[in-house]
Amino acid sequence: MSGLRQKSPESLPGPPQIRMNHGMADDLVRELAPVLPEASVDINDLTDSDALNQALHKAVERRNIELFTLVGTRRDQAIALLMLVLTAIASGGTKRVGIFLDTAQPEVPDDSSPEVSSCIGLAWGLLDSWLTGHDSKAPVTLARVTHLPAEHWFGQRAAVNVLALARKARAFQSLGFLITRQGRPQFLAGVSLVLAAAGLAWSRTEGTEASKLLLTVIR
């Protein structure tokens, strides 16, 4: 990934890429197994499409909660990476941001580096708290005064959607759709851009240096 700033508007996302992996059907059944009985679905008879769709929805929701709820090392790594990203954006060093974001990996079973889902989950949770009034320390006007920069940015389309939904406290329920539509690299860049914009708006409102403020509010 290059720096976030671009010379022209971001291109429209292409259609979702569908890939068939060996064993995917077995993986799907294992993923659905805990929620099938809850949806009154017989694992030996999957002909009821309505019940199966409900089970799929529950499975996706449960999986999203698992992926984007952070504890321990995963959270610490996500905090460290986002601090680097946001500090770079705040100081105008956007060429470094792509390098930082590229260190986030899709899945890291041994906790050797930050995960994309962890970084998205942390940023998402902070935005939900800051922009909807759940964080008592955040300015009450923060959602109104948070605006994306006027330049062209990688992840800008995702950022526009994230900011609009976060202001309405409707972001999390749209998470899966947005990531599928935008792609994880664009979405991670977009949600980071919104978080940086909110952090800068907060620092301007309180007259506090952005880097110092971020250290106290990203936790």
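Trainee: How are α7 and α9 set relative to each other, oblique or roughly parallel?
Mentor: Keep in mind that this is a predicted model. Helix α7 (residues 156-167) and helix α9 (residues 184-206) pack at an angle of about 55°, and they are therefore oblique to each other. Their axes are 7 Å apart.

Trainee: And what is the handedness of the crossing of α7 and α9?
Mentor: Right-handed: that is how α7 passes α9.

Trainee: Which residues meet there?
Mentor: From α7 there are Ala158, Ala159, Val162 and Leu163. On the α9 side they meet Gln186, Phe187, Gly190, Val191, Leu193 and Val194. The residues of this contact divide into 8 nonpolar, 2 polar and no charged.

Trainee: Staying with α9, how exposed is glutamate 206?
Mentor: Glutamate 206, which is found in α9, has a relative accessibility of 42%, so it counts as partly exposed.

Trainee: What does glutamate 206 touch, apart from its neighbours within four places in sequence?
Mentor: Its contacts are Lys137, Pro139 and Leu213. Proline 139 sits 67 residues away along the chain, yet the C-alpha atoms of glutamate 206 and proline 139 are separated by 8.1 Å.

Trainee: New topic! Which residues of α4 are buried?
Mentor: In helix α4 (residues 94-101), Thr94, Val97, Gly98 and Leu101 are buried. Looking down the axis of α4, they fall within an arc of 95°, so they line one face of the helix.

Trainee: What does the face turned away from that buried side carry?
Mentor: Lys95 and Ile99, both exposed, are on that face of α4.

Notes
Residues numbered from 1 in each chain as written. Predicted model: local features only at pLDDT ≥ 70, side-chain atom pairs only at ≥ 80, totals over all residues. Heavy atoms only, no water. Axes fitted to C-alpha atoms, helices over the stretch in contact; angles between N-to-C directions. Helix = DSSP H or I, 4+ residues; strand = E, 2+ residues; numbered from the N terminus. Parallel < 35°, antiparallel > 145°, perpendicular 65-115°, else oblique. Left-handed = near helix turned anticlockwise from the far one by under 90°. Contact = heavy atoms within 4.5 Å. Nonpolar A, V, L, I, M, F, W, Y, C, P; charged D, E, K, R; others polar. Buried < 20%, exposed > 50% of the residue type's maximum accessible area, 1.4 Å probe, protein only. Arc of directions from axis to C-beta.
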